[in-house]
Amino acid sequence: MCGIFGCIVKDGNAAPVIHAALKRLEYRGYDSVGEATLHESSLHIKKDQGKIDEVHKIHNLDDLPGNIGIGHTRWATHGAPLQVNAHPHLDCDGQIAIVHNGIIENFSELKQELENLGHVFKSKTDTEVIVHLIEHVWKTKPSLSLADAVLEAVKRLEGSYAIAVISPKEPNKIVCARYESPLVVGVNENAVYCASDIPAFLPLTNKAVIINDGELVILSPQGYEIRKIADSSLVTREPKILDWTPEMAVKQGYPHFMLKEIHEQPATLRNTLRLQEHYLDLMTTFLDRAHEVFLVACGTSYHACLAASYMFSKLAFLATYPIIASEFMEQHGKSVNIDSTILAVSQSGETADTLAAVNCARQRAATILGLTNVIGSTLTRISRVYIGQQSGPEIGVAATKTFTSQLSVLSQLALRLAKKRGKISQDEMDFLAEKMENLPDVVDEIIQTQEEKVKQIAKKYKDAKTFFFLGRGISTATAYEGRLKLMEIAYVPAIAFPAGESKHGPISLIEPGFPVVFICPKDDTHKTLIGNIMEMKARGASIIAIMEEGDEEIKKLADDYVEIPKGVPEVLSPIPYIIPLQLLAYYMAIERGHNPDTPRNLAKSVTVK
Ligand code: F6R
């Protein structure tokens, strides 16, 4: 995700300090970079698309004048990675500059309102509305300080933000504010810093102040002042002394990126619920008109498609065909035509097999829809409509947070399509929408309460030679994904299939102690699944159940179990039920002495066929 940084230095220029800090934020992933400084009553700005070194080569990021400034690494969410969309953004008069990390949900409404008031927007970003909103507040009430204008403006925002704002009208200040995007302040005798992340200033100071949601901070040469956004009251908070190494700081104290990204899922799921309505509506319209819909992807993204095929069928009564991208041309290359719609799902948007399938379908005049995590990727350029899933960059090779975000977007689409087609009552719609809103908390609870249990299960089964992963209905997709995670990260051969298939062959592998993971939400498949568990148990298998909290029937049959909070609707169940399986793969890898972040022979983005 985007990185923000700001500093006020007592001696020397801010620009080289900002440049170096942005380099330290590179690991967060980005596509554009920019800086703004204050000097002699004016703002000085440089920004462009591209990597920091490339932008520096063209523009020289170090020669901006002044001892106060802000900087940004942008990871596109609204608007392509172009110079005009890079931060900092300015108000109409060029008197206020802002950098922002987060997603403003109500930016379309605010933009409309501000345009009606005469504001002129230059970029396609959601961020630009914030700076115009501050301008509007400040012009309406000129007696306010910059901090008060920011405080009033952010009260209008819905969504997430960490911002840093400067203005030549108050040349000795940086005003920052935070809601659901990280913000930290660093201090030493020579300077004060604000940043998205501690690594940005760690080589400069180990004294950090964590800023909480709903707080605003005013940085000045004297230090920092924290206020609550709600009532402007002062907050007293002393800096903490950090003993992190730079490597620990980058992983925010987690031993591996994979674990960090598993833990990020409550936050990434919240972001995925902040998609712009009009993109969802547009894609829903295309899906509604389609004669046949292929869901095309590879690996984990394919498992999201498999789950989605159940969602579209159960909610919207739409039959869709999940296809592994590398098979698409062989299987459907001749039949795909102008009436076909391809929804390609790819975290990176660059997977060669997925793009090849899409290109084959395009040549035959099919409609291409895309779901990806990387705005500006090839998939976004060749799709008629695309949605950015808003998970933020994923550094661990194994897909974890991006899988649950894909599921979240696909379930939102299925729900909208159900509504559009009149297949769902208002009550059901409201019920599912509320359950979806609640999922980030459910996932959080699973991580908080079940992680230790999964760790113990991994210890117990660490030497197992093979695993089975079984589920019925939509949980088949969860089983496939659980198996892929375990194989790729812990190098344990594993087999997954719909539980009903076991007696058609695979059950012959079972012998005493063979670990079989059952995914058993309390849905329509529950009764039949119990029969499948008994078949396995009768042959001596060790049953590991991922089950609903308090499910006594399953508990009696299971050797080990992990509990998922009650009340998750069937169509949403893959989102919480995959969490213990991601953790299982992670802890099995640790038990077996492998680095989960860099599994052998694998690359994050597979750009060869
Ligand atoms: C597994 C994993 C891969 C990817 C696959 C598709 O953890 O990450 O299976 O899911 O290579 O990648 P994208 O989604 O980028 O097309």
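Start with E105, which forms a salt bridge with R274, the closest N and O atoms being 2.8 Å apart. By salt bridge I mean a side-chain nitrogen of Lys or Arg within 4 Å of a carboxyl oxygen of Asp or Glu. E105 sits in the loop between strand 6 (97–101) and helix 3 (107–116), and R274 in the loop between helix 8 (265–272) and helix 9 (277–289), so this pair ties together parts that are 169 residues apart in sequence. Helices (H or I, at least four residues) and strands (E, at least two) are DSSP runs, numbered from the N terminus.

A word on what you are looking at. This is a predicted model, where local features need pLDDT of at least 70 and side-chain atom pairs count only at pLDDT 80 or more, while totals for chains, interfaces and linings use all residues. Residues are numbered from 1 along each chain as its sequence is written, and side-chain values use heavy atoms, with hydrogens and water left out.

Back to our pair. Is R274 buried or exposed? R274 is buried, with a relative accessible area of 7%. E105 is partly exposed, at 31%. The cut-offs: buried is under 20% relative accessible area, exposed is over 50%, and partly exposed is in between (1.4 Å probe, protein chains only).

How many salt bridges does a search of the whole structure find? The count is 30. Here is another one. R237 forms a salt bridge with E215, and the closest N and O atoms are 2.7 Å apart. R237 lies in the loop between strand 14 (234–235) and strand 15 (240–241), and E215 lies in strand 12 (residues 215–220), so the pair ties together parts that are 22 residues apart in sequence. E215 counts as buried, at 4% relative accessibility. R237 is partly exposed, at 22%.

Next, R416 and E277. Their side chains meet in a salt bridge, 3.3 Å from N to O. That pair links distant parts of the chain: R416 is in helix 14 (residues 401–420), E277 is in helix 9, and they are 139 residues apart. There is a network too: K23, E26 and D53 are joined into one by salt bridges that share partners.

Now a charge without a bridge. D523 is in the loop between strand 23 (515–520) and helix 17 (526–538). D523 is buried yet has no salt bridge. Which side chain of opposite charge is nearest to D523? It is K314, 7.0 Å away. For these charges, Lys and Arg count as positive and Asp and Glu as negative; His and the chain ends are not counted. Leaving aside neighbours within four places in sequence, D523 is in contact with S475 and E570. Contact here means heavy atoms within 4.5 Å.

D427, E428, D430, E434 and E437 form a negative surface patch. Patch residues have over 30% relative accessible area and no salt bridge, and like charges are joined within 9 Å. One member, E434, lies in helix 15 (residues 426–460). E434 counts as exposed, at 59% relative accessibility.

Now for F469. It is found in strand 21 (residues 467–471). F469 is buried, with a relative accessible area of 1%. Not counting residues up to four places away in sequence, F469 touches a list that includes A479, G482, L486, F497 and L581. Along the chain, F469 and Y480 are 11 residues apart, and their C-alpha atoms are separated by 7.0 Å.

Last, some backbone details. Where is the cis peptide bond? It runs from H87 to P88, with omega near 0 degrees. P88 lies in the loop between strand 4 (68–74) and strand 5 (89–90).

S41 lies in the loop between strand 2 (32–39) and strand 3 (42–49). S41 counts as exposed, at 61% relative accessibility.

A365 is not a glycine either, and has a positive phi of about 70 degrees. A365 is found in the loop between helix 12 (352–363) and strand 19 (367–372). A365 is partly exposed, at 38%.

That's my tour. Questions, please.

Methods: Patch = residues over 30% accessible without salt bridge, like charges linked within 9 Å, V, L, I, M, F, W, Y side chains within 5 Å. Areas by Shrake-Rupley, 256 points an atom, 1.4 Å probe, with all protein chains shown as cover. Charge placed at Lys NZ, Arg CZ, Asp CG, Glu CD.
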